[in-house]
Amino acid sequence: MAVVEQSRPLVGTNFYQVCGKRRSIRWFKTWKPVERERLQRILEVVRVATSSPGNIQPWRAVVVEQSKISPEKRERLLRADNMQGGHAGAPVWIYWFGDLECAQPAAFKQRLRELIRAGAAPTSHGWSDEVAEALIDRGEEAPEGLPELREILHGIPLEASAAVAHAETVGAADIALLAAVNEGLGTCLCMPAAPSRMGVVREELGVPETWVPAWLQLVGYPVEESDAGGQRPKLPFEEIFFEGDARTPFRRQPEVVRELEQAGLLQAPAPTPDRFEELKRLAQLFGYPI
Amino acid sequence: MSRGADLLAYVSVRRWISSVDGLYHLTHQEWHLRLSILDEFCSSLGEDPDHVISASRLDREAKVEYMRRLKHLTGERYPEPRTAHEAQNVVRSFFIHNGARVLTTPFPPPQGAGGG
């Protein structure tokens, strides 16, 4: 059994560098397994850092290490996903699901009560067990100062719960990406399967019917250069962020941009000059066409 | 049936070269090798490149049959499996850049490295 070294404090890359280095890695060292403690740390980060409405925490993950499953199971899971190259090469697959039962009114009320007892949903703002029951169970109108839970939770259909569970799990998977980068790993989100073949994944992984598929996270040591060809194309800042109203672009200060370039958040855009030569050699290494 | 440089007369071949070179900038030597492999494949079929692509795009079964014959040809022509696979990839590239999706199974992982 692996023993985690106790005397060495955990040191991650700084936050801006982690965010700046985050990009979808699709070429992995297929021969290098990922240490179990790194996988655990990714999951621990998600558990603690991910936010969700009412603290419902619908995310569920099934970690699959390719080296620990049968060739037949591997083949079935890959076929369900159309044999995608990155999927085939990543040593670890984390399947992310949202449990719609967590987004049902009863579960929401239970989590809300926990928040009240934890001192996170304060009485000063109007929260109490009685208020939670009135809003969620009886569908009463919310008093001023509290969210109108009646309209979003009272008697909601399963489809709406599924949508909420899915959306919140997508956020969790994004946190997992950053956690993986912080571990020095390459990572990427992709479809867990073609929708028509999702049943194969459910069957192979023993997933309950109430779990809604969100993402498949590929994890492994990257075989690409550390910059992985540069930061992917991003929409201009002023086209996506606004202030005051949706017509006024958020004013971007050049000095902040320079600061973030130095901190490692803003890096050279893709493709870097040698990117396609790198892709050519990666294709040769693994046996893919270009 | 060998066309050699005549391959360049075909739209699908010009599209292939243009699309690949738009990203990868292959050398003349690399293209010479790639064109000779494509030429050999088309000659073995007795069909021209444009027809191979149009048939593949119209009929999935035809595409599957082309891939089967490609594996057969390269298996005979190149005894070393890796070389045969690389030759297949040249033709797969021709298909992909002409919009005919084909599946590539990568090289197996090194011994003892697990499944992936």
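User: What is the accessible surface of chain A, and what percentage of it belongs to carbon and sulfur atoms?

Analyst: Please keep in mind that this is a predicted model. The accessible surface of chain A is about 15900 Å², and carbon and sulfur atoms account for 54% of that area. As for the interior, 43% of the 290 residues of chain A count as buried, and the C-alpha atoms fill a box of roughly 65 × 55 × 45 Å along the principal axes.

User: How many helices and strands are there in chain A, and which strands are joined to β4(A) by bridges?

Analyst: In a regular strand, side chains alternate between the two faces of the sheet. Chain A has 12 helices and four strands. Strand β4 (residues 211–220) is joined to β2 (residues 92–99) by eight bridges, the two running antiparallel, and A:D99 stands opposite A:W211 in this pairing. Five bridges join β4(A) to β3 (residues 186–190), again in an antiparallel arrangement, with A:G186 having A:G220 as its bridge partner.

User: Is strand β4 of chain A mostly covered or mostly uncovered?

Analyst: Strand β4 is mostly covered, since eight of its 10 residues are buried.

User: Which parts of chain A does the salt bridge between A:E224 and A:R275 tie together?

Analyst: The side chains of A:E224 and A:R275 meet at 2.9 Å, N to O. Because A:E224 lies in the loop between β4 and α10 (237–240) while A:R275 belongs to helix α12 (residues 275–286), the pair ties together parts that are 51 residues apart in sequence. Both A:E224 and A:R275 are buried.

User: Which residues are linked with A:R38 in a network of salt bridges?

Analyst: A:R38 is linked in such a network with A:E35, A:R41 and A:E183. Within this group, the side chains of A:R38 and A:E35 meet at 3.1 Å, N to O; A:R38 is partly exposed, with 22% relative accessible area, and A:E35 is likewise partly exposed, with 29%.

Terms used. Residues are numbered from 1 along each chain as its sequence is written. Chains are lettered from A and ligands numbered from 1 in the order in which they are written. This is a predicted model: local features need pLDDT of at least 70, side-chain atom pairs count only at pLDDT 80 or more; totals for chains, interfaces and linings use all residues. Side-chain values use heavy atoms; hydrogens and water are left out. Buried means under 20% relative accessible area, exposed over 50%, partly exposed in between (1.4 Å probe, protein chains only). Accessible areas come from the Shrake-Rupley method with a 1.4 Å probe; for residues, only the protein chains shown count as cover. Two strands pair if DSSP finds at least two bridges between them. A salt bridge is a side-chain nitrogen of Lys or Arg within 4 Å of a carboxyl oxygen of Asp or Glu.
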